[in-house]
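I open these notes for a reader who is new to this structure. The entries follow the order in which I looked things up.

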Amino acid sequence: MDKLLIRGGRRLQGEVAISGAKNAALPELCAALLCAGPLTLDNVPRLQDVATMLSLLRRMGVAVERPEDQPARVTLAAPDGVDPVAPYELVKTMRASILVLGPLLARFGRATVSLPGGCAIGSRPVDQHIKGLQAMGATVKVEHGNIVASAGRLRGARITTDMITVTGTENLLMAAALAEGETVLENAAQEPEVTDLAELLISMGAKIEGHGSGRIRIQGVERLHAPAAPHRIVPDRIEAGTFLCAVAAAGGEAVLRDARAEHLDAVITKLREAGVAIESGEDWIRVRADARPKAVSFRTSEYPAFPTDMQAQFMAVDCVAEGAAKVSETIFENRFMHVNELVRLGARIQVDGHTAMIQGVPTLSGATVMATDLRASASLVIAGLVAEGETTVERIYHLDRGYDRMEAKLRALGADIERIR
Ligand SMILES: CC(=O)N[C@H]1[C@@H](OP(=O)(O)OP(=O)(O)OC[C@H]2O[C@@H](n3ccc(=O)[nH]c3=O)[C@H](O)[C@@H]2O)O[C@H](CO)[C@@H](O)[C@@H]1O
Ligand SMILES: C=C(OP(=O)(O)O)C(=O)O
């Protein structure tokens, strides 16, 4: 199993290009199931999750082309004879496999998708996806660990989900695009990745309004087609936010290219409170951290508030900040798995339910730590960049799920970090 070895204490300096967003790429690859294609996506990140999704789609019979000399471009074509089955061995490694459910049901009238289990960050049920599809006329049963769904043509419906769900909104949006009549998604997720998916669907002939707000209206059409031009996946705001936190913690100055500051308002506001200087243009962000950051309290919530996917990385900044901070996690019940590992590096953190109290310390001390989930891994890398001596981060397959060559990008900024195979 690969590990990362980090020798901490170096300031970061230079430029880094941000990749396409994992959480936009995954639903957009699934959108290929909605038409015969071909559908071309650009700015596809090099991630294990993308490879897993492509394996799943290939196994269903989708033709996938990804030129070796141009891995950021993927072309997909889903013929009429797709086998609409997502088996456990692929779903268990990537919960986002659930995103095939809506498109399969809408275009082929049936789908069998293994029920994603819980994971390190919480139980993560998919009941809202299922209820929404049932409201659109689907018959859905759970049998032998699989969601088994069938339908004639789905019917438009008014759906108010119990909570805001990102992949739930995306699944229902894709299903509604081919349903008969109007669907209104109330309490819809407003994340930029949902908006990016809606824009892709519109370029395929879907009739969608209100994406980016809490109410999305979809007039179903009979057929979707290949977009006239390749769709460029929106930049990964969580990858960008992770690099901003790395500079805030380690000190230095960096420019992030292909990054959208407007998608990171909540994180940038908190970094400024911490004393970090941030400037931005349409597609770049410059970050400068000259002094030890100040501790900043925050609470995770749905977009546009502070993202849960940035909680662990920002906590690493608070660990080495001046003062004390309170961090509240409101989205997932168990998203503090990084805390015990940060404590192994010398951080002072106490958890009480959904709240962590952090007392900043001047420096951390390197040790061997274990990554437990994707963003936890990133927070340990940030802590390792600051810690005195050597930090080894084990189980980085979690990191590889969602970061595109993170250690190479950090090395380009001057970090002393290497992958040990
Ligand atoms: C591939 C992808 O885009 N993943 C993101 C997506 O995950 P994902 O879409 O799985 O997360 P959701 O937005 O659905 O989850 C929000 C909350 O709703 C609950 N819930 C959700 C659906 C449901 O049917 N029933 C239910 O109870 C979840 O357990 C959680 O407590 O949004 C999360 C919240 O921003 C991010 O952390 C993930 O990175
Ligand atoms: C939790 C995350 O992803 P996923 O929903 O794919 O597990 C994440 O990106 O931080």
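Predicted model: local features only at pLDDT ≥ 70, side-chain atom pairs only at ≥ 80, totals over all residues.

Residues are numbered from 1 along each chain as its sequence is written, and chains are lettered from A and ligands numbered from 1 in the order in which they are written.

**Ligand 2.** I looked up the residues around ligand 2 (C-beta atom, placed from the backbone, within 6 Å of it) and found Asn23, Arg95, Ala96, Asp309, Leu374, Arg375 and Gly402. I sorted this shell into two nonpolar, two polar and three charged residues.

**Cysteine 119.** I found cysteine 119 in the loop between β7 (110-114) and α5 (127-135); helices (H or I, at least four residues) and strands (E, at least two) are DSSP runs, numbered from the N terminus. Cysteine 119 counts as partly exposed because it has 16 C-beta neighbours inside 10 Å; buried requires 20 or more other C-beta atoms within 10 Å, exposed 12 or fewer, and partly exposed lies in between, with C-beta atoms placed from the backbone. I also noted that, leaving aside neighbours within four places in sequence, cysteine 119 is in contact (C-beta atoms, placed from the backbone, within 7 Å) with Arg95 and Arg124.

**Whole chain.** I recorded 14 helices and 24 strands in the protein chain. Of its 421 residues, 52% count as buried.

How values were computed
Nonpolar A, V, L, I, M, F, W, Y, C, P; charged D, E, K, R; others polar. Contact = placed C-beta atoms within 7 Å.
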